[in-house]
Amino acid sequence: MADPRTVVLPCGVAVPALGQGTWGMGEDAGRRVAEVSALRSGLDLGMTFVDTAEMYGDGAAEEVVAEAVCGRRDEVFLVSKVLPSHADAGGVAEACRGSLRRLRTDRIDLYLLHWRGAVPLEETVEAFESLVREGAIRSWGVSNLDVDDLADLPPGAGPQTDQVLYNLSRRGPEYSLLPRCRELSIPVMAYSPVEQGRLLGHAALRDVAAAHGATPAQIALAWVLRHEDVIAIPKASSRAHVEENRAALEVDLTAEDLATLDRAFPPPGSKRPLEML
Ligand code: NDP
């Protein structure tokens, strides 16, 4: 297999375009060994970009990640998120300390505001900047921010990414959010890239998959990854799913495939509010 594709963040760091999500991990002790092993097999395949959050399993997903990256922390680009309810000056620092403890590491590579809440963005950004100065986080970004929200970031603020819901059945961001992020040179991180599995039985996706000798999940991921500045973070809790997802990087969609998918999943003709899961 060729080296995994990368996306360069504004800070200059190149990260794998295909990472791993962790929402839902750590919630069932009986699945923990499989989850750790799935994440580790992803690391072996170059999917070293791992997305988690203090919210997932109330911290338990971060503990699963800690186990998966144990002994290989330096290979991994670790992303975690602070809840909006913790996004005030003191709350961010405390939430970050909690995440660092559960992740058993001394730094988070990219720390995101999970979604916008009541705390002014300026206060959260100041708290992020102070964590960067202390070395607790290497960089910061946002999640679930639409075009108007991005405009409300304080002048000079430089998020590394906007992590948003983007997949074949959620094409709203294509209308103005993706273009705006491109203008700002902010790569978008697409969450729920296979729509939590709900996309996978769709006839058009199955047809395109059959033509490539691929699976619907691989086509859905290749479609998200057709943009050079989009990172996809599918969550998979079995080695088989991880391997299948990794092979999506080898799928090249043709113009005809894209037209078939456009007919089944039309692009937005006007602005739609950003959806969230
Ligand atoms: P995904 O679209 O990644 O779907 C995950 C589901 O798809 C799981 O049930 C998984 O099953 C299944 N799946 C994965 N790969 C395959 C495959 N090859 N074939 C068949 N089924 C497959 O949804 P998520 O919502 O988990 O999104 C991905 C990540 O994005 C999250 O885990 C989280 O890290 C992040 N996220 C961020 C949000 C935010 O607000 N910022 C919101 C939602 C997600 P199995 O587990 O059995 O392998």
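Q: In what sense do β6 and β7 pair, and over how many bridges?
A: Strands β6 and β7 (residues 162-165) pair in the parallel sense over two bridges. Two strands pair if DSSP finds at least two bridges between them. Strands are DSSP runs (E, at least two residues), as are helices (H or I, at least four), numbered from the N terminus.

Q: Which residue stands opposite Ser143 there?
A: Gln163 in β7.

Q: What kind of model is this, and how are residues numbered?
A: This is a predicted model: local features need pLDDT of at least 70, side-chain atom pairs count only at pLDDT 80 or more, and totals for chains, interfaces and linings use all residues. Residues are numbered from 1 along each chain as its sequence is written.

Q: Which way do the residues of β6 point?
A: In β6 (residues 140-143), Trp140 and Val142 point one way, Gly141 and Ser143 the other, and all are buried (20 or more other C-beta atoms within 10 Å of their own, C-beta atoms being placed from the backbone).

Q: How many bridges join β5 to β6?
A: Three, between parallel strands, with β5 covering residues 110-113. Leu112 stands opposite Gly141 in β6.

Q: And what is the strand order in the open sheet?
A: The order is β3-β4-β5-β6-β7-β8-β9, seven strands with parallel pairing. The edge strands are β3 (49-51) and β9 (230-232), each pairing on one side only.

Technical notes: Buried ≥ 20, exposed ≤ 12 C-beta atoms within 10 Å, placed from the backbone.
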